[in-house]
Amino acid sequence: MRDAITNLINNYDITGRYLDRNAFDALKSYYESGTARLQAAAVINANSANIVREAGAQLFAEVPELIRAGGNAYTTRRFSACLRDMDYYLRYASYALVAADTNVLDERVLQGLRETYNSLGVPIGPTVRGVQIMKDMVKAKVAEAGVDNTSFVDAPFDHITRELSDISV
Ligand SMILES: CCC1=C(C)/C(=C/C2=NC(=C\c3[nH]c(/C=C4\NC(=O)[C@H](C)[C@H]4CC)c(C)c3CCC(=O)O)/C(CCC(=O)O)=C2C)NC1=O
């Protein structure tokens, strides 16, 4: 698993370069965003159960056929599996926010997911929607916690969305 720093050092080491101006700019912006990243992770940690439950409720309100007979989240077992998946996305997004790198998502969440979802008939579109609903909720809560610029929160959620959407076509 990589984070922003190991990733950067890795890139310089591969080509045997000393850290240069670009590297220091990147490192500086990483350290400067550190407090906000930790605040975001703390907000997610304190509200994870609520966020998953409310995002699930909103998703099922928007796409009610998911929980009707024949829907992929129909039956208690599949309903729970769906919310559990949402919880995975949220938890790993919080790790990626702290790491300032989406590599943890590639390695631990997204690998092989398309095959699993396709073989079980889990629909990608609504899953992506669920991830985006959680992103919006997290951003609102992080803003409430006093973080002015919450744009960094997008990255892990958008990465999950992009990878899921890419692999679904
Ligand atoms: C940490 C990394 C990780 C991920 C990401 C993960 C996902 C994951 N989701 C699964 C199932 C599932 N995922 C869903 C999810 C949904 N169905 C819907 O209609 C909604 C759109 C959506 C919720 C938003 C459902 C319903 C199942 C059960 C499908 C079935 O067994 O028929 C399965 C199959 C095995 C199981 O049921 O546990 C995996 C592996 N597992 C992991 O270890």
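Reader: Is Tyr92 buried or exposed?
Author: This is a predicted model, where local features need pLDDT of at least 70, side-chain atom pairs count only at pLDDT 80 or more, and totals for chains, interfaces and linings use all residues. Residues are numbered from 1 along each chain as its sequence is written, and side-chain values use heavy atoms, leaving out hydrogens and water. Buried means under 20% relative accessible area, exposed over 50%, and partly exposed in between (1.4 Å probe, protein chains only). Tyr92 has 14% relative accessibility, so Tyr92 counts as buried.

Reader: Which class of accessibility does Tyr95 fall in?
Author: The relative accessible area of Tyr95 is 37%. That value makes Tyr95 partly exposed.

Reader: What kind of aromatic pair do Tyr92 and Tyr95 form?
Author: The structure holds three aromatic pairs. Rings of Phe, Tyr and Trp (its six-membered ring) pair if their centres lie within 6.5 Å; planes under 30 degrees apart are stacked, over 60 edge-to-face, the rest tilted. The Tyr92 and Tyr95 centres are 5.3 Å apart with planes at 80 degrees, so the pair is edge-to-face.

Reader: Which helix holds Tyr92 and Tyr95?
Author: Helices are DSSP runs (H or I, at least four residues), numbered from the N terminus. Tyr92 and Tyr95 are three residues apart, separated by about one helical turn. Their helix covers residues 76–99 and is α4.

Reader: How many helices and strands does the chain have?
Author: A strand is a DSSP run of E, at least two residues. From the N terminus on, the elements run α-α-α-α-α-α-α-α. The count is eight helices and zero strands.
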